[in-house]
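Hi everyone, thanks for coming.

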Amino acid sequence: MTVNQLWGWQGVTGKRYSTATAVALICAATVLAAPGTAFAQAAGGPAERMPKKPTPGTGKSLEQVRKDIEKLYHDAGVATDAYNAAEESADKQSRQIVKLAQDITKAQEKLRKLKSRAGAEARAQYRNGGMPPEAQLMLSQNPGQFLDGAGRMRAGQKATKGMLTELERTEDDLRIYAKDASSRWKKLDADRKSKATSKKEIKKKIADAEKLESRLEKDERERLRKLEEAAALKKQSAWVSSGVLKDIDGKASPQGKKAIEFATAQIGKPYVWGAEGPGSYDCSGLTSKAWAAAGKGIPRTSQEQWKQLPRVDIKNMRPGDLIIYHSDASHVGMYLGDGAIVHAPRPGRDVTITGAGSMQILGVVRPDK
């Protein structure tokens, strides 16, 4: 990345980077924007030429170990999305149950008052000897009193009918509220169980990946990291070599600039599944909080971001847009421009900048379209 390109990113984000971050951006963009060199490094670098002998303790080549670990973390990411979705749904159900409880309380108080009024009218009729107002009116000998009574009787009948209708409607409301509350309690319980299941799966996948990696010697772990970088670089190089960046020249919107500023400020913070900051993030936790900081609420999970947000063609994407990855929409990063994204990769890694084409792109969505 040239100094001018770096200042171009500063113009997008509206902030000055620290020296360490600036160096990281320059290094990242140097390989992102140089497909010929990048591909040569990825295809013929030291990591590729490493012998494929079985790794001690695994019986597999280091490359196969890398693929196994990658799959485990991918599966953990899918489970994390399910966990986040269940958590969001459980929160929503809890809020709705609280609202229903308030509605039930109000309806019960209204019903109590209506029944009190009905009881008062019944007692009044009893004091009149049980004779209904119509009969009393017919026995009246005074024409004026008869006409006045007829008017009051009609008004009273109308009021009584309205009260009985309201009483019936309130009782119906209570039955509906109770049924709805019961249904939402069942949904809340299902969400909690789903969340617990996903949590177990996440922990198992991460533990399996860490166990697999722990069997490697120190130098093998370093080689593994280089293999990961080489694999990502190879994919990025192929993506850039396709000429896709030639058509991408969109400029960030004002809200997009704010989202980028927030996301890049989190660089170096660790990935933690289910985390939404401020000290750690998972992939969609980072993007949802970044756009919230820009004043735009978006879905919490990468799968819902893919389902609900407006989609744009890759050639039309601009900084601030979200790139959704893998066929199951299990990962997301924020496009920065110049073929790069900022994202929270996986457990054991920090929020960082990498090539936008270093993973399988499913599509692009725009929160502020």
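This is a predicted model: local features need pLDDT of at least 70, side-chain atom pairs count only at pLDDT 80 or more; totals for chains, interfaces and linings use all residues.

Residues are numbered from 1 along each chain as its sequence is written, and side-chain values use heavy atoms, leaving out hydrogens and water.

Let's start with the sheet. It is open and antiparallel, with six strands in the order β3-β8-β4-β5-β6-β7. At the edges, pairing on one side only, are β3 (311-312) and β7 (352-355). Strands here are DSSP runs of E, at least two residues, and helices are runs of H or I, at least four, numbered from the N terminus; two strands pair if DSSP finds at least two bridges between them. Between β6 (residues 340-343) and β7 there are four bridges, and A340 has G355 as its bridge partner in β7.

Now, helix α9, residues 283-293. Eight of its eleven residues are buried, so the rest of the structure largely encloses this helix. Buried means under 20% relative accessible area, exposed over 50%, and partly exposed in between, using a 1.4 Å probe and protein chains only. Among the buried ones are L286 and W291.

Finally, salt bridges: a side-chain nitrogen of Lys or Arg within 4 Å of a carboxyl oxygen of Asp or Glu. The whole structure has 15. One of them joins R366 and D321, at 2.9 Å. R366 follows β8 and D321 sits in the loop between β3 and β4, so this pair ties together parts 45 residues apart in sequence. Both residues are buried.
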